[in-house]
Structure formats: structure tokens, C-alpha cells
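Okay, thanks for coming, everyone. Let me put the structure up, and then I'll talk through how the two chains meet.

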Amino acid sequence: MNIDDPAVINILRRSMIARIATLSRTGRPSINPLYFVYWDNHLWLGTAEWTLAARNVKADSRVSILFEVEQGHADHQILRISGRASVRTDQEVQRSNNLQTLRKYILTPGGILNYVTHIRLLQAMHSYHAQSAQKGLACVIEVIPEQVEFLNSGLQG
Amino acid sequence: MKRITRNVELVYNRDLLKRVPHACLSFACSHGPQAQPVVLLWEDNRYLMGIPEHAGYQPDADQEVVLLVDDGVYFFDLRAIYIRGRTKPITTPGGTPADHMWCEVAPLKTVSWDYGTLREVKDEH
């Protein structure tokens with residue numbers, strides 16, 4: 001199965017969280033939930049250079065990622081994409097990723113409602129992001145898919 | 001010195017273990033890292049995990065793994081429990097899918113977070 005299969009693109013367009021498994025330089029596993037965008041044939045996961053996900057990708061480019069549509073679909077399917085990843089910090093990628101992330105997660109009814117109902121936390125969120133920026137650059141984990149597969153549903157619950 | 005944290009005590013996220021929204025596992029196998037959805041049961045503070053028998057790869061006994069339970073889509077709703085531990089094979093718990101391989105994750109380190117609790121704390125480091 002290829003990433004340009006309509007069923008795969010359908011899941012990638014509707015899924016909101018990517019759960020990315022990585023290995024450290026010494027082979028220790030990790031898995032982290034990240035925001036992602038699938039746009040113009042790019043699969044980009046947003047994070048920061050100091051995070052375990054980004055540091056692991058720099059040490060070992062192999063990744064395995066789970067995607068699923070979060071709710072409201074009887075035909076619950078989980079998609080796993082395995083491949084190679086790299087950490088991108090260039091401005092052009094950052095700008096495109098930020099714009100797509102803004103459209104997907106913030107400038108939507110659910111995103112706006114989430115911010116409005118937590119308005120008291122906006123200052124803390126800005127401080128949290130500033131604190132992250134002091135630890136390292138924001139980055140994008142770019143994934144080149146090598147294997148794409150659907151897994152059986154019905155696991156949760 | 002103060003810092004902003006998202007981290008919370010595990011007790012605040014226990015509902016994620018009682019009504020598991022998403023549970024998945026990471027472990028190393030011959031081709032690299034493997035991300036695998038799992039069935040999770042939390043019984044008597046033990047993390048019991050089932051992987052479909054037909055899954056291509058299974059973690060070995062006493063292998064280091066990370067178990068992730070998470071929930072939420074929008075920023076302030078994001079919550080998770082991240083458990084690094086080692087696997088211990090167990091017999092299939094009663095009332096669970098029979099076509100799964102079961103093991104317990106014995107925790108080495110647990111981190112729990114909730115972005116809806118972002119707050120300033122005293123930095124002790």
C-alpha cells in the first residue's frame with residue numbers, strides 16, 4: 001500500500017494526533033503524541049529540537065507512526081506508517097508547517113472554543129512556549145514513508 | 001527560579017487508565033522502532049497489556065518498552081501517561097480477547113501531563 005492510496009490519504013486528512021515511535025542512539029524506545037500535517041505530499045510532525053522525539057530521530061532516522069480518526073466513525077481503522085525521518089529547522093518548512101498547523105488545530109470551531117474556554121491559561125501557554133524556545137529551536141520531523149499498513153480495529157476500550 | 005510545567009501527578013490522570021482512550025506501545029525490533037496499538041487493563045495498579053497475536057512483532061520478555069496512554073486533540077485538552085518499563089509475560093486475564101498475547105509492564109519511570117493545568121512552579125533543579 002502506498003501513501004497516495006485514497007484510503008490512506010483519507011485517514012491522514014482526518015487524523016489529528018500522530019503517535020511516533022523512535023529509538024535513541026542506544027536503542028531505547030520512546031513514543032510521543034505530536035501534532036502533524038499532511039500537506040502537499042509532505043508528512044510533517046511539529047516539535048522542538050530538545051524533545052526526545054527530535055533527538056532520537058537525529059540519532060536513528062527510523063520511525064513508526066500510528067494514525068487514527070479520533071471519534072465518531074464506526075469503521076475505526078488504525079494506520080501505521082514506517083519510514084525514515086529527518087529534523088528540519090529551515091524557515092521555509094517552519095513557516096509552511098506553522099500555517100498548516102494553525103489552520104488544522106486553532107482556526108477551527110473546536111480550536112477556537114478550546115482557547116476561549118481556557119483563556120485564563122493563555123499567558124501560561126505563551127510562557128511555556130517561550131521556555132521551550134530557550135531550550136531549543138522549534139522543528140519539524142519530516143517523514144519519508146517506506147511501509148504503509150492498516151491495522152485491525154477494535155483494540156481500544 | 002520558576003518554570004512553567006504541564007506535568008501532573010499520575011493520580012490526576014487516573015481516569016485515562018480506567019477508560020482508556022488510546023493506548024499504544026513502542027519497542028525495538030529487528031527493523032527499528034515499532035509502534036503498536038494495545039489493549040490496556042489497569043488492575044491493582046498493574047499495567048496489563050494485550051497485543052494481537054497476528055501483530056508482526058511482539059516484545060520479548062523483560063524487554064524495555066514505552067507504554068503511552070493519551071487523550072485530547074486541542075491544546076488545553078491534551079493529556080497523557082507515559083510509562084517506561086519492562087515486560088513480564090502473564091496469562092490471559094479473564095474476560096479479555098483470547099487472540100492476544102498478554103504481558104505486564106513493570107514501570108521504571110512514569111510521566112503524566114495535562115496541558116489544561118499549565119502553571120508556574122518552583123524549579124528545584
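This is a predicted model: local features need pLDDT of at least 70, side-chain atom pairs count only at pLDDT 80 or more; totals for chains, interfaces and linings use all residues.

What follows is a quick walk through the interface.

Residues are numbered from 1 along each chain as its sequence is written, chains are lettered from A and ligands numbered from 1 in the order in which they are written, and side-chain values use heavy atoms, with hydrogens and water left out.

On the interface, 43 residues of chain B are in contact (heavy atoms within 4.5 Å) with 45 residues of chain A. Together the chains bury about 3600 Å², with 63% of that on carbon and sulfur atoms; buried area here is the accessible area, 1.4 Å probe, lost by two parts on being put together, summed over both. B:Pro33, B:Tyr74 and B:Phe76 give 19% of what chain B buries against chain A, more than any other three residues.

Now the charges. There are 2 salt bridges between the chains, meaning a Lys or Arg side-chain nitrogen within 4 Å of an Asp or Glu carboxyl oxygen. One salt bridge joins the side chains of A:Arg28 and B:Glu64, at 2.9 Å, N to O.

Last stop, A:Thr108. Buried or exposed? A:Thr108 counts as buried because its relative accessibility is 16%, and buried means under 20%, exposed over 50%, partly exposed in between (1.4 Å probe, protein chains only). Beyond its neighbours within four places in sequence, A:Thr108 contacts A:Arg103 and B:Tyr74.
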